[in-house]
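Hello,

Here is the structure I promised to pass on. Have a look through it first, and then read my notes below.

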Amino acid sequence: MRFHLEASLRLSADAGAAEKAISDFIRDAGPILEKGAPEGQGAKITEWRLAKNRIDLVIDSDRYVRAHDALLRLRRPLSELLGKQYRIGVRGMDVTAFEIEVESDREIAHRIPYVREMRHEGGRLRLILDVGEGGTLGQSEIENRIPDRIVSLLEEKLEKGYGGKTEHWELLWESEKREPKFRADPTEEMQKAGWIKHGSARGQWIYGPQATHLFRTFEAIVLEEIIGPLGYQEMIFPKLDTWDVWKKSGHAQGVYPEIYFVCPPKTRDPAFWEEVMDYYKVTHEVPLELVKEKIDLPIGGMCYAQCPTFWGFLQGMTLPNGELPMRVFDRSGTSHRYESGGIHGIERVDEFHRIEIVWLGTKEHTLEEAEKLKGCYKHIFEDILELTWRTAWVTPWFMAQEGKTGLSEMTGAGTVDYEAILPYNGNWIEFQNLSVNGEKYPKGFTVKAQSGEALWSGCSGVGLERWASAFLSQKGLDPSNWPEEFRRRFGEMPKGIRFL
Ligand code: ATP
Ligand code: ZN
Ligand code: MG
Ligand code: MG
Ligand code: MG
């Protein structure tokens, strides 16, 4: 990896009188430019020139002290030298050329911000950055480490290679194989039995009284076996996530292909919309192109992961030691994902229902709470639902979002997927998960503990459609085949809605 930077330091006055001092400074700048790098590595000033009230510099470097870092390192001592002895200030920096080279056996065909040109030559990818004022790479971009982000992005793209890495999956535990009571597709059977009907949107269902009662029974089990005994408090999390929330939660890095975007009207003035209304009244069609002109840019998207909006409640706060660990949950609304071709029955839908359990505290609290939850879940799936199920250690969502797949970057954080077999097709589905997210959320939303200790958090999403898929595909729709304990909790089957 190489960096080539041409930049100038703008001075408050002609520094002719200081030329010798500057020359000496640059001659002796080696230690500043190599600090932290292995022996013989780091950045070098390959050319420099004093042009009255400007010092022009050419800096070449490797990956250890990147050229733009070197420039930032030089600014302070040079300011001190010129200020103290010559009363000259360093006013700012102008970048006139910036190139980055990375080793690569291939080209990449992506548009990257600030990159004007990308060439693949001699086993290297050469990036020529757009420099200067006005939206291009200048002082503030250097101070904000934009070049480093460009390099990380590039490395991520090169590492992904063709086809992408597969996610990590490692079996943790497996239940006994319970003989299935049923071998049909539960979605089809529920449709036949009048428990559910397709909604008008893709991947959306209308749940009739029987299916709804099944969901509510699952909820009641979670309340009785987890929420109550472990002391979780119910909250209502917003279901529209703004970009601001997703920037802090990390979802802004990669969630785009799967979200339902939300656009407000450009104005609430009925006159502005009259054209649309009139068109509809005459044609009975909604003029979508016209609507598109009259709505604003998306402000975010519909609930995707359920817990990010909760963190606004804690944002910027310090939590008293006595309040930790904190335990809350939400079951106040739907989640929405654009699942594309992947939708199938109620197993993979675009609109789904989840209970989201969130906890936070010190690292110890958080890991300990995760173990308690795992204990409760095991009891539910073994003794109440009697499923054939297993758990696996997988790439956590927050790393998948960022395109990382290895587990080496974690220190106790991670995700456990709960999977159940679907006897009708032999596939395993993830019916819920449990994640320890490390410091991700408290850091993203600047939440602190009174003790000063690092805060960790965890969350677990109980997917009701997935629980239903797992349970019904193994046990069928007939309560007489259901485990005794579940049947007791379910009570009487609602009579449902009949048609002529
Ligand atoms: P999958 O691997 O099946 O796509 P996911 O890993 O994307 O699921 P998470 O982001 O971990 O899902 O969401 C937590 C839980 O939400 C899942 O374990 C599942 O119970 C539920 N869930 C996620 N996506 C869907 C969906 N499209 N339909 C129904 N339930 C879903
Ligand atoms: Zn969550
Ligand atoms: Mg998914
Ligand atoms: Mg998954
Ligand atoms: Mg998951």
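Which residues coordinate the zinc ion (ligand 2)? In this predicted model, the donors are the SG atoms of Cys307 and Cys459 together with an OE atom of Glu356, at 2.0 to 2.4 Å. Along the chain they follow the spacing C-x48-E-x102-C. Cys307 sits in the loop between strand S13 (300–302) and strand S14 (318–319), while Cys459 belongs to strand S22 (residues 456–463), so the two cysteines tie together parts that are 152 residues apart in sequence. Cys307 is buried, at 2% relative accessible area, and Cys459 also counts as buried, at 8%.

Next, the packing. The largest nonpolar core has 79 residues, and Ile226, Phe310, Ile357, Phe381, Leu385 and Phe486 are the ones with the most contacts inside it. Helix H7 (residues 209–230) supplies the largest share of this core, 9 residues. Apart from it lies another core, of 48 residues, including Phe25, Ala43, Ile59 and Ile142.

Leu385 is worth a click: beyond its neighbours within four places in sequence, Leu385 is in contact with Phe218, Ile221, Ile380, Trp467, Phe471, Lys475, Pro483 and Phe486.

Among the buried residues of H11 are Thr366, Glu369, Leu373, Tyr377, Phe381 and Ile384. Just after H11, Glu386 takes a positive phi of about 50°.

Best wishes

Terms used. Residues are numbered from 1 along each chain as its sequence is written. Chains are lettered from A and ligands numbered from 1 in the order in which they are written. This is a predicted model: local features need pLDDT of at least 70, side-chain atom pairs count only at pLDDT 80 or more; totals for chains, interfaces and linings use all residues. Side-chain values use heavy atoms; hydrogens and water are left out. A nonpolar core is a set of buried Ala, Val, Leu, Ile, Met, Phe, Trp, Tyr and Cys residues joined through side-chain atoms within 4.5 Å. Buried means under 20% relative accessible area, exposed over 50%, partly exposed in between (1.4 Å probe, protein chains only). Helices (H or I, at least four residues) and strands (E, at least two) are DSSP runs, numbered from the N terminus. Contact means heavy atoms within 4.5 Å. Donors are N, O and S atoms within 2.8 Å of the metal (3.2 Å for Na, K and Ca); water is not among the atoms, so sites may look incomplete.
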